[in-house]
Amino acid sequence: MPRKVTVSLQRKVNPDRKYQSVLIQRLINKSMLSGKKLVAERAVYSAVEGAAKKLDSENPVEVFEKALKNISPNFEVKSRRVGGANYQIPFPISGHRQLHFAFSWLVQAARDRKGMPYTKRLELEIIDAYNETGAAFKKKEDTHRMAEANRAFAHFARV
């Protein structure tokens, strides 16, 4: 029987203009609303630089990468129906998907904060992620806690 070959359908993202970082470009793309890329770009650059300044760091990209690493999940739970019952089965997550969750949670946590401009909210969320606090980090912790609680059902993943 021939082996199944998987083809990656990932779109190549070009690095951003200022720092030549693919990760920052992906954050810009995730932050963008209604196709207004320049607005998102301005907000992200301002937030990343502000976070680096508040954390007394020379390199904003390093601060952002560490914050992203702190909120990237290693496990997720997927629902699987086995014998009439639904089980939450923990699965390890690969690199690209980890980043997808991290970006989504970071942007969502920033948008959920109220009472200040998006730039300031994103800056505070990056600082919180860097310090392992905040809504995005809590989301990662909740996901890991859920995976740990359902570890007994991990053997269903191989069915």
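At what angle do helix α1 and helix α4 pack, and how far apart are their axes? Helix α1 (residues 22-31) and helix α4 (residues 95-112) pack at an angle of about 50 degrees, and their axes lie 10 Å apart.

## Basis of the model

This is a predicted model, in which local features need pLDDT of at least 70 and side-chain atom pairs count only at pLDDT 80 or more, while totals for chains, interfaces and linings use all residues. Residues are numbered from 1 along each chain as its sequence is written, and side-chain values use heavy atoms, with hydrogens and water left out.

## Overall architecture

The protein has 6 helices and 2 strands, in the order α-α-α-β-β-α-α-α from the N terminus. Helices (H or I, at least four residues) and strands (E, at least two) are DSSP runs, numbered from the N terminus. Along the principal axes, the C-alpha atoms fill a box of roughly 55 × 35 × 30 Å.

## Helix α1 against helix α4

Axes are lines fitted to C-alpha atoms, for helices over the stretch in contact, and angles run from 0 to 180 degrees between N-to-C directions. Helices α1 and α4 are therefore oblique to each other; angles under 35 degrees count as roughly parallel, over 145 as roughly antiparallel, 65 to 115 as roughly perpendicular and the rest as oblique. Their crossing is right-handed (the near helix is turned clockwise from the far one by less than a right angle; anticlockwise gives left-handed).

On the α1 side the contact (heavy atoms within 4.5 Å) is made by L23, R26, L27, K30 and S31. Helix α4 contributes H96, L99, H100, F103, S104, L106, V107 and R111. By class, this contact has 6 nonpolar, 4 polar and 3 charged residues (Ala, Val, Leu, Ile, Met, Phe, Trp, Tyr, Cys and Pro count as nonpolar, Asp, Glu, Lys and Arg as charged, and the others, Gly among them, as polar).

## The largest pocket

The largest pocket has a volume of about 210 Å³. A pocket is an open set of points on a 1 Å grid over the protein atoms alone, where a 1.4 Å probe fits, with protein on both sides within 12 Å along at least five of seven lines; lining residues have an atom within 4 Å of a point. Grid points are joined across faces, edges and corners, and the volume is the space filled by probe spheres set on the points.

Its lining consists of Q10, R11, V13, R26, N29, K30, H96, H100 and F103. The elements giving two or more residues to this lining are α1 and α4. The lining comprises 2 nonpolar, 4 polar and 3 charged residues.

## Helix α3 against helix α5

The axes of helix α3 (residues 60-71) and helix α5 (residues 118-130) come within 7 Å and cross at roughly 65 degrees. That makes α3 roughly perpendicular to α5, and the crossing is left-handed. Contact residues are V63, F64, K66, A67, N70 and I71 of α3, with I126, A129 and Y130 of α5. They divide into 7 nonpolar, 1 polar and 1 charged.

## Helix α4 against helix α6

Helix α4 also packs with helix α6 (residues 134-149), their axes coming within 8 Å and crossing at roughly 130 degrees. Helix α4 is therefore oblique to α6, with a right-handed crossing. The contact joins W105, L106 and A109 of α4 to A135, A136, K139, K140 and T143 of α6.
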